[in-house]
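Hello,

Here is the structure I promised to pass on. My notes on it follow below.

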Amino acid sequence: MELDLATLAGLFGRSFSLWWAIVPGIALGLAVGILPGFSPQNTLIILLPVTLAMDVEAALAFMIALYCANHLSGSIPAILVNIPGSAGAAATCIDGYQMTKNGQAQQALVVSFVASVAGGLITSLAVLALLPFLARLGLVLRSVEMVVIILFGLTLIAVLAAKDMLKGLIGGAFGLMLGAIGTDQVFSTPRATFGFLELYDGLPLVPVLIGLFAISEALVMIEERVTGNAAPRAPQRPQWLETVDGLRMAARHWWQIVWTGFIGLVIGVIPGAGAYIASFVAYQQSRLFSRTPHLYGTGHPPGVIAPESANNGVTSGTLVPTMAIGVPGGSTSAVMMIVLQYQGIVLGPRLFLEQPSIAYGVFVMMTVAYLFMVALILPLARYAAKVVTVPVHTIVPLIIALTVVGAFADREYLFDMALALVFGVIGYVAVRTDYHVTSILIGVLLGPIFERYLLRSLRIGQGDILVLFSSPIANVLWCLLVVSVVLPIWRERRLARTAT
Amino acid sequence: MTAPMLTRRTLAAGLAAMPVAARAQGAFPERNFRVVIPTGQGGGAERLARSFDDGWSKLLGRQFEYEFYPGAAGQVGYELYVARREPDAYNLLFGNMGPEMIMYALQRPRFRFPDDITYFCRIDIDDSCVFVRQDSPFRRIEDVVAEAKRRTLNVATSRIPHPASIGILALGEATGSRFNLIPYAGGNPTMVAVMSGETDIGVLPVAGITAQTGRLRVLGIFSRENVLAAKTDNAPTINAVFGTRIPDLYSSRSWAIHTRAIERHPDRFRKLEETARKVFEDRAFLEAAEKAGQPLESIRFGDRAVCTEYALGMIELANRFRAQLSAQR
């Protein structure tokens with residue numbers, strides 16, 4: 001799987017010449033990513049007749065651009081109206097929306113764009129350099145290691161619960177209970193589905209996401225308008241100066257972009273691990289190693305950088321197992337695989353020898369797509385930030401209409417629209433009683449995959465719980481997990497002692 | 001209930017509509033087909049269905065639109081298809097008869113086979129096999145059984161209700177060896193589990209394993225004959241090695257339709273049956289299937305009777321192994 005410089009230069013040249021496929025891919029990916037419920041894989045499936053008819057390289061360039069742009073634009077509604085465009089952007093809401101409330105919507109968008117583009121760019125270049133190593137990494141991180149990695153994400157519940165531990169933990173436990181709805185992970189026996197066919201596959205993420213964040217936020221806006229308690233609105237006229245300010249904020253945290261991007265890359269390499277695991281783990285780690293952990297949750301730029309860079313690092317990682325061993329790393333790469341196989345391309349190590357223009361080309365195209373995004377995205381921040389100036393009586397019906405349609409679009413069940421409304425009420429009650437909706441969401445998102453990997457590990461250990469400590473990598477991760485739980489407590493106590 | 005009143009006007013309207021109705025009947029299909037796939041996107045079922053519809057859509061003059069409803073070992077897709085799709089012969093299901101009939105037997109879903117759904121065009125026979133990673137210490141299937149008599153071996157499988165899982169349980173029962181099934185929710189993660197060494201061996205349909213030559217090695221086949229001998233390094237059949245009488249265990253993808261659609265629209269069903277059979281003569285389909293990773297040797301047409309017999313046999317087999325395959329003891 002070695003690659004020489006001349007071939008690499010040729011691949012870059014070829015990828016730039018495919019701008020006519022990349023630019024529409026970016027535009028479509030951005031549009032789709034903004035709307036909750038419209039996932040890149042569904043969009044690619046709708047467009048399959050087009051991509052199957054295209055030249056294979058152009059089709060790949062288009063799909064990759066769409067995929068990367070989609071991961072990027074999920075943060076736009078997360079920052080502006082507290083509605084993540086995808087589950088991967090849910091962690092971005094925590095600080096992104098706070099920045100908007102603090103009158104820094106444009107800066108937050110710029111920070112998120114820079115983190116996304118730089119995170120994606122760095123990790124796709126890293127894949128080109130480290131492909132043989134990364135291909136093996138996907139086989140080294142197994143179920144036991146995944147249990148610990150997901151626990152990193154779950155500890156974020158405790159972090160969010162810091163202000164009111166009891167409520168935070170209740171929220172997280174409630175989310176975990178909801179996450180247990182659906183068929184069991186071993187025998188596929190339905191449980192807690194109340195006979196609803198729509199719940200057999202577990203709680204659908206999109207309606208839950210839409211309900212907890214979008215509908216509840218719309219209800220809060222309505223309430224504040226009716227009662228006249230609305231908080232002062234953000235700046236009325238976004239300025240270019242704010243874009244520059246956002247760039248400065250991102251540049252100040254360049255190192256964070258790099259290492260959280262790599263968290264995304266490593267998690268993306270593991271087949272089946274979603275972008276939301278990466279973004280929650282990155283957020284938790286970013287807070288852990290920060291000198292100002294108390295600022296997280298108050299509109300702190302690193303709280304936007306970490307999930308966004310990790311989220312886009314996943315895009316590079318997820319294609320590694322797809323290309324290197326012919327096993328899709330996620331649902332979007334599964335659709336890409338169909339297009340490649342339809343064109344007679346056999347994925348796996350031989351592809352790197354026989355058709356390097358495709359095998360390496362994928363990652364070069366990704367790098368080029370991110371380079372195009374630098375130019376296309378930044379100006380968008382100024383115009384996108386104007387959303388916060390839209391009056392409540394206009395934006396609320398828009399949010400409800402678009403997101404309820406989004407809830408339907410993912411699986412095409414009317415049930416999901418009702419479910420979004422139910423979760424909207426749950427989210428509203430949670431907000432009004434100071435329960436953190438993100439805690440509930442983390443439980444719903446991470447609970448089922450935690451259960452899957454835990455039960456799988458225990459079956460592998462044939463019932464012996466010590467299997468969870470049977471691998472050196474897992475043991476290192478366990479130690480890091482203990483450190484990440486103990487360190488903030490120790491640090492807070494030390495600060496309290498210093499203060500007294 | 002009141003009987004509809006027949007007047008001159010309604011009679012005239014009816015007569016006038018007759019040629020239109022006849023034209024509409026003759027014009028089947030008038031619109032695209034909608035296909036429910038009870039597994040996820042990007043899997044073997046989707047690839048095979050799309051390869052097949054390349055040829056079929058040419059004969060029918062209409063396209064196929066796919067919807068994916070995975071979950072509960074296929075139960076979601078089947079229940080949704082039977083209960084919520086119009087039985088008009090425009091709505092089809094593309095399923096994997098083996099695992100999905102096991103699901104039917106074990107989970108007792110809200111539909112009846114073959115009263116509600118009928119398989120009518122089997123596309124392939126994909127024999128179940130036992131496989132290991134290339135550098136595994138197990139060189140032959142006998143090594144696996146010998147080791148499994150000493151300690152319980154971990155076996156990666158796509159899902160517990162699956163013909164390949166039944167195969168390894170039956171082998172354990174026949175030889176006194178012990179196997180512990182670990183479900184990985186799909187063929188791809190199952191292969192990764194074996195490649196990474198997370199499990200000792202794996203069981204899956206053999207076609208996918210042949211695409212991983214060099215990384216995975218087939219040790220034995222649960223069938224009376226190994227039709228992919230050339231692609232599996234002449235792996236023996238399990239029954240030949242151990243003298244067991246394990247039935248042929250294979251996955252078998254097939255098109256299915258509402259049984260009510262067959263009763264209501266026999267002409268439409270006839271057209272679907274006839275055209276589907278013709279697709280197997282189309283070189284384009286065979287080439288597309290091969291490009292999608294489906295070995296040509298595994299492509300074998302089976303009509304409605306063959307499919308029904310196979311599905312009922314699988315239900316019987318699942319009931320025999322209910323205790324090991326289900327949480328309901």
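**What I found**

Buried residues make up 54% of the 329 residues in chain B. A residue is buried if 20 or more other C-beta atoms lie within 10 Å of its own, exposed if 12 or fewer, and partly exposed in between, with C-beta atoms placed from the backbone.

Two housekeeping points. This is a predicted model, where local features need pLDDT of at least 70 and side-chain atom pairs count only at pLDDT 80 or more, while totals for chains, interfaces and linings use all residues. Residues are numbered from 1 along each chain as its sequence is written, and chains are lettered from A and ligands numbered from 1 in the order in which they are written.

**Chain B**

Chain B has 14 helices and 12 strands. Both are DSSP runs numbered from the N terminus: helices are H or I with at least four residues, strands are E with at least two. The C-alpha atoms fill a box of roughly 85 × 45 × 30 Å along the principal axes. Among contacts between residues at least 6 apart in sequence, 79% join residues at least 24 apart. A contact means C-beta atoms, placed from the backbone, within 7 Å.

**Chain A**

Chain A has 23 helices and 2 strands. Of its 500 residues, 58% count as buried. Its C-alpha atoms fill a box of roughly 65 × 60 × 55 Å along the principal axes.

Look at helix 9 (residues 143-160) of chain A. Its axis lies 8 Å from that of helix 14 (residues 275-288) of chain A, at an angle of about 60 degrees. Axes are lines fitted to C-alpha atoms, for helices over the stretch in contact, and angles run from 0 to 180 degrees between N-to-C directions. The two helices are therefore oblique. Under 35 degrees counts as roughly parallel, over 145 as roughly antiparallel, 65 to 115 as roughly perpendicular, and the rest as oblique. Residues of helix 9 in this contact include A:I149, A:F152 and A:V159; helix 14 brings A:F280 and A:Y283, among others. By class, the contact has 9 nonpolar, 3 polar and 1 charged residues. Ala, Val, Leu, Ile, Met, Phe, Trp, Tyr, Cys and Pro count as nonpolar, Asp, Glu, Lys and Arg as charged, and the others, Gly among them, as polar.

Helix 9 of chain A also meets helix 22 (residues 437-460) of chain A. Their axes come within 9 Å and cross at roughly 155 degrees. That makes the pair roughly antiparallel. Among the residues in contact are A:V147 and A:L154 of helix 9 and A:L446 and A:F450 of helix 22. The classes here are 15 nonpolar, 6 polar and 1 charged.

**Where the chains touch**

The contact takes 36 residues from chain B and 32 residues from chain A. On the chain B side, helix 7 of chain B gives the largest share, 5 residues. By class, that side has 16 nonpolar, 14 polar and 6 charged residues.

Best wishes

How values were computed: Two residues are in contact if their C-beta atoms, placed from the backbone, lie within 7 Å.
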